[in-house]
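Here is a short report on strand pairing, charged pairs and nonpolar packing. Please keep the model open while reading.

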Amino acid sequence: AGVSAHLAIARGNLDLRGAELGGLQGTVDLRRRDSKVTFVADLRGSRLAFDGTEVGAAAVRADYAGKAVTLDGSLGDVARGVSLRFSARAADLAAVPAVTLDVEARAGAEAAAVWRLLGVQAPEAGSVSFGLSGHGKLAAPGLPRWAGIAGLLSAGEFDGDVKLKAQDVTLREIASGLDANVAAHLALHHGEAVATLPADASLAARELRAPRLGGRAGFLPPDRSG
């Protein structure tokens, strides 16, 4: 016995909690035969907006077959201040899932709606880039599938590299002209995370600004430029 389903979207619009994806099109295919399930979704939208602020287009492709799943996608536009590209692979889902992950993201001051979505105050100027790549295992053998995300992470292992770069960032009441370039190795083993920083990590600011700490701000010199 078998079953198959095919969904084609010629023109659609998705609106969910302040995020809107317009010009939605793509296909979704589902097949089940001899207890084997395959799923392929290829979706894209020409207009992605958060709280009415357009950030560009979006695309995602998901592929599931047997014991493996792949996920690739992108959203945003660098010219509009935000971009995200991600790629994930997982194999041996029935036993101990082995995963690989590759993420590159950039957000600028002009993408204030995205910063609000992340729960972080947007910088007044500049941009921040973030990268993550690595591989690991989601859970140890014998862990119940219903353990949840926290359980999977606490029992899993992951080794990867993290990159953080800030370019001429201005943060209100903190600093202006902030430049940072940090590349670290991240290891997660059984709920414990360890980050190893190289010797050439750099952080510089054109001007430091006194935070609102009352009398505690007296340790900052009157001239904080340079």
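Two strands count as paired if DSSP finds at least two bridges between them. The model discussed here is predicted.

**Strand pairing**

Strand E1 covers residues 2–16. Twelve bridges join E1 to E2, and the two strands run antiparallel. Gly2 has its bridge partner in E2, namely Arg33. E1 and E2 form a hairpin, with two residues between them. Arg17 sits in the turn and has a positive phi of about 50 degrees.

Arg32 is also found in strand E2. Along the chain, Arg32 and Gly2 are 30 residues apart, yet their C-alpha atoms are separated by 5.4 Å. Leaving out residues up to four places away in sequence, Arg32 touches Ala1, Gly2, Val3 and Val37.

**Salt bridges**

How many salt bridges does the structure hold? The count is eleven.

| Glu20 | Arg47 | 3.2 Å |

Take the salt bridge between Glu20 and Arg47. Glu20 lies in strand E2 (residues 19–33) and Arg47 in strand E3 (residues 36–50), so this pair ties together parts that are 27 residues apart in sequence. Glu20 is partly exposed, at 26% relative accessibility. Arg47 is partly exposed too, with a relative accessible area of 26%.

Asp72 belongs to strand E5 (residues 68–77) and Arg89 to strand E6 (residues 82–91), so the link ties together parts 17 residues apart in sequence. The relative accessible area of Asp72 is 26%, which makes this residue partly exposed. Arg89 is partly exposed at 34%.

Asp102 counts as partly exposed, at 28% relative accessibility. For Arg85 the value is 33%, again partly exposed.

Some salt bridges share partners. Through them, Glu20, Arg47, Glu54 and Arg80 are joined into one network.

**Nonpolar core**

In soluble globular proteins, nonpolar side chains tend to be buried together. Which residues make up the largest nonpolar core here? There are ten in all: Leu21, Leu24, Leu48, Phe50, Val55, Ala58, Val82, Ala111, Ala113 and Val114. At least two residues of this core come from each of E2, E3, strand E4 (53–65) and helix H1 (112–117).

Phe50 is one of the core residues. What does Phe50 contact, leaving aside neighbours within four places in sequence? The partners are Gly18, Ala19, Val55, Ala113, Val114 and Leu117. Among them, Val55, Ala113 and Val114 are also listed in the core.

Definitions and conventions:
Residues are numbered from 1 along each chain as its sequence is written. This is a predicted model: local features need pLDDT of at least 70, side-chain atom pairs count only at pLDDT 80 or more; totals for chains, interfaces and linings use all residues. Side-chain values use heavy atoms; hydrogens and water are left out. A salt bridge is a side-chain nitrogen of Lys or Arg within 4 Å of a carboxyl oxygen of Asp or Glu. Helices (H or I, at least four residues) and strands (E, at least two) are DSSP runs, numbered from the N terminus. Buried means under 20% relative accessible area, exposed over 50%, partly exposed in between (1.4 Å probe, protein chains only). A nonpolar core is a set of buried Ala, Val, Leu, Ile, Met, Phe, Trp, Tyr and Cys residues joined through side-chain atoms within 4.5 Å. Contact means heavy atoms within 4.5 Å.
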